[in-house]
Amino acid sequence: MTSFRNWFNRLKLSDTLILWGLAVGVGLATAMGVWLFKEIIQLTFMLEYGKLGSWLSTISKWTLFVLPVLGGLLVGAISHFFIGEERHSGVAGIMESVALTGGRLRYKRAPAKMVAAALSIGSGASVGPEDPSVQIGANLGSMVGQRLHFSDERMRALVAAGAASGISAAFNAPIAGVFFALEIILGEISGAAFGVVMLASVTSAILTQTISGTQPAFQIPPYVYSINWQLPLYLLLGLLAGPIAAVYIRLLFIIKDAFAYISQIPRWLKPAITGLLLGIIGLFLPQVLGIGYVTIGNILNGSITDVSLLLILMVAKLFLTPTSLAGGFIGGVFAPSLFIGATLGGAFGQISNIVFPALGINPATFAMVGMAAVLAGSVHAPLTAIILLFEMTNDYHIILPVMFAVVVSQVTSQRLVQDSVYTLSLRRKGIRLERGKDVEILQTILVQEVMQPAAFTLRDTDSLSHASEFFFKTHHHGAPVLNAQNELVGIFTLQDMDATDADQWSSVSIGEACTHDLIVAYPDETIGSALRKMAQRDVGRMPVVSPENPRTLLGLLRRTDVIRAYDAALTRKAAMRHRIHQLQLGALAPSDMHVEEFQVEQGTVCANKPVRDVAWPVDCLVASIRRKGQIVVPHGDTVIRPGDVLVLITESSCIDELSKIDNTPEEHNPG
């Protein structure tokens, strides 16, 4: 691998050409990997439900319940011996890696996870193929980036390109793959990664369509759509899809927590026990087993019209998908949310057709819209949901009602559950990924870290004349107002004073003229949240009060404090990147090398000197410098300043020598 990397570096191609070429390779490799994944699913299904199922049927049809159990045993064994415990699995793990470690994934586990996912789906687990497909692509992108020692930015671009290729190959939807990678994996629809992601997704789609054909996932019969009369019904469908998506999100983690309490059952045995439940339910509702595309197709083509059956299938899928995942089967939540949306929309369309027969409603259109609405409410990626439905059905006329229902569904779902199926998993582990750079960075600082003590306060019994003298002496524009019990009763500002005639200042008390309708902050809330409160009222300061007693004043938060918080957050973020860089260097360095960190003090021999003029020990490399909240990649001309924190890669024998450098007095001033 080293010789290949050296040859690769000698090509001296531009960074853009290199990244584009690798994007094409990742797209092609992902398409082949997803094709192989689908083939294993088909092979598993044929062996279990074709060969073994036919033999069991000769004994009794009731014996078919053992098929998911056998699949569960195989999945449990693979998970136990080849995968092991994971902090975050699936798309949530990829999101965490992209946000915190530059997209570095444990790609060596990917083949075992692909086989386990194929066995899960082929055995009847109620999970989808998109999550394993995304992992195939993302791990391929991460593997290439890690092997070539790419920077974090290029590594993230390749991981996102692989994820887009996975969606493109799984659903034959290249545009949806791009938006999935940008909305969910990277968290922003912009940046230099856009071209790389687009190129990989299109490449993956070309190879997928060459192998499997260009037909959409679902064949839709012709229909007539009247936007003027039916749009209120799509609004109502969106209002229903939002709460259903919120319930789906909650159940994924409620059932997972319930399974976690069953600690006496070995982890490898849980999929088999879950398979037993799936097998029993599958005897009565075989439509809920597996991906469910056949059932979705039957709903869209009008083969399933019974409202009771549609609602039963929806409820069964709502519970069986979280149960399958919590029980140890491996798969995604995309396809099940499409199934839930199709059954919800199909039932809603049938009912609407009965209630409003004159509108000529086609329930298939509501089933299609329901698919996108529930998906958007579950993953909080509206563009992905809209484009995915369009590409899976190849029907443009449905875009307008889909856009309407998707927005309504997502807003409703977010009012009930703030997080998506992916971000809730991360938040439960203490990781909060916000969209938007400034909001994200201010979410890392709490009010209590930057608030100032309320050094100056006013009494509610004092007159406005006293307040005038107070403002003149302190040059303040406002202050909290306390009563005799030192309880916060309001805030008094120059605007409050200007609202009262000057000839009444001696007779009007501060308590009478101050603002009592306060907007307050709490010490344990984030600066981002407090800043939004200040913007609502356009105020320059805000009292910080106790959560237990809102009348207990703890301090003040001013706009200048918010600016300091932003600087502190930048410093903290840079320190985190610095620490991550250390960990990455430690993982990549040979076993006889060490990653050392020390702070440069005034008077040391390396202070105020360019890197090239310092007599570093043999085989010592300055990897990075942290300086005032920024990460500096050093060159020979980089001057080392007092207060800099250096990260060096050095042999074990050089540690003592480094310490001497750190403590040797400076002998001369640099020229």
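Predicted model: local features only at pLDDT ≥ 70, side-chain atom pairs only at ≥ 80, totals over all residues.
1. **H12 and its neighbours.** Helix H12 spans residues 293-300. Its buried residues are Thr295, Ile296, Gly297, Ile299 and Leu300. These buried residues pack against helix H13 (307-326), H14 and H15. Just after H12, Gly302 has a positive phi of about 80 degrees.

2. **H14 against H15: geometry.** Helix H14 covers residues 334-355, and helix H15 covers residues 363-379. Their axes come within 6 Å. The crossing angle is roughly 140 degrees. Angles over 145 degrees would count as roughly antiparallel, so H14 and H15 are oblique to each other. The crossing is right-handed.

3. **H14 against H15: residues.** H14 brings Phe334, Ser337, Leu338, Ile340, Gly341, Ala342, Leu344, Gly345, Gly346, Phe348, Gly349 and Gln350 to the contact. From H15 come Pro363, Phe366, Ala367, Gly370, Met371, Val374, Leu375, Ser378 and Val379. By class, the contact has 13 nonpolar and eight polar residues. No charged residue takes part. Glycine counts as polar here, and the glycines in this contact include Gly341, Gly345 and Gly349 of H14 and Gly370 of H15.

4. **H15 against H17.** H15 also meets helix H17, residues 399-416. The two axes come within 8 Å and cross at roughly 30 degrees. This crossing is right-handed. On the H15 side, the contact uses Val369, Ala372, Ala373, Val374, Ala376 and Gly377. On the H17 side, it uses Pro401, Val402, Ala405, Val406, Ser409, Gln410 and Ser413. The residues divide into nine nonpolar and four polar, with no charged ones.

5. Three strands form an open sheet in the order E1-E2-E3. Pairing is mixed. Strands E1 (458-459) and E3 (488-493) stand at the edges. Each has a single partner strand, so one side of each lacks a neighbour in the sheet.

6. **E2 with E3.** Strand E2 runs over residues 478-482. E2 pairs with E3 in the antiparallel sense, over five bridges. Within this pairing, Val481 stands opposite Gly490 in E3.

7. **A helix on the sheet.** Helix H21, residues 464-474, lies across E1, E2 and E3. H21 runs at about 60 degrees to E3.

Conventions: Residues numbered from 1 in each chain as written. Heavy atoms only, no water. Pairing = 2+ DSSP bridges. Helix = DSSP H or I, 4+ residues; strand = E, 2+ residues; numbered from the N terminus. Contact = heavy atoms within 4.5 Å. Axes fitted to C-alpha atoms, helices over the stretch in contact; angles between N-to-C directions. Parallel < 35°, antiparallel > 145°, perpendicular 65-115°, else oblique. Left-handed = near helix turned anticlockwise from the far one by under 90°. Buried < 20%, exposed > 50% of the residue type's maximum accessible area, 1.4 Å probe, protein only.
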